[in-house]
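Keep the structure open beside the text as you read.

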Amino acid sequence: MSASHSSELNIYSNFMKDLGPSIFSLWKCCLLNKRILFYSTPPIIDLCSKVFCAFDMLAISIDFMAKKQLIKPFFYVNVVDIEVLQQESFFIACKKKNFFF
């Protein structure tokens, strides 16, 4: 197993550990094209990996469901991105803890 493959497995296992059973609620929200925003205190890298995992989980599901639209991942959003996010009907994003919506 290569180092990058092992690192990727760690990202997914941490994602599942962090969310626990609520991963099914997140998956349902992804399938229903909801707006999903992860937020926490810095460092932001953990949140970006959650966005990646949620998007990947949805992408695999969409392959089976043959959906037309795919949720866009925004790996870090800030006040500058409010207009962009308002134009999106659904997305997965992350930001630091201070909330702006």
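This is a predicted model: local features need pLDDT of at least 70, side-chain atom pairs count only at pLDDT 80 or more; totals for chains, interfaces and linings use all residues.

Residues are numbered from 1 along each chain as its sequence is written, and side-chain values use heavy atoms, with hydrogens and water left out.

**The chain as a whole**

The chain has 4 helices and 3 strands, taken as DSSP runs (helices H or I, at least four residues; strands E, at least two) numbered from the N terminus. Along the sequence they come in the pattern α-α-β-α-β-α-β. Of the 101 residues in the chain, 30% are buried; buried means under 20% relative accessible area, exposed over 50%, and partly exposed in between (1.4 Å probe, protein chains only). The chain exposes about 6800 Å², with 60% supplied by carbon and sulfur atoms; these areas come from the Shrake-Rupley method with a 1.4 Å probe. Among contacts (heavy atoms within 4.5 Å) with a separation of 6 or more, 55% are between residues 24 or more positions apart.

Which residues of α2 are buried? They are Ile23, Leu26, Cys30 and Leu31. These residues lie on the same side of α2 because they cover an arc of only 135 degrees around the axis, the arc being that of the directions from the helix axis to the C-beta atoms. An α-helix has 3.6 residues a turn, so residues three or four places apart point the same way. Phe24 and Lys28 are exposed on the other side of α2.

Past the helix, the loop between α2 (23-31) and β1 (36-40) holds Asn33. Asn33 is not a glycine, yet its phi is positive, at about 55 degrees.

A salt bridge here is a side-chain nitrogen of Lys or Arg within 4 Å of a carboxyl oxygen of Asp or Glu. The count by this rule is 1 salt bridge. Lys50 pairs with Asp18, and their closest N and O atoms are 2.9 Å apart. This pair links distant parts of the chain, with Lys50 in helix α3 (residues 45-65) and Asp18 in helix α1 (residues 3-19), 32 residues apart.

The table sets out the accessibility of two residues discussed above.

| Residue | Relative accessible area | Class |
|---|---|---|
| Lys50 | 15% | buried |
| Asn33 | 22% | partly exposed |
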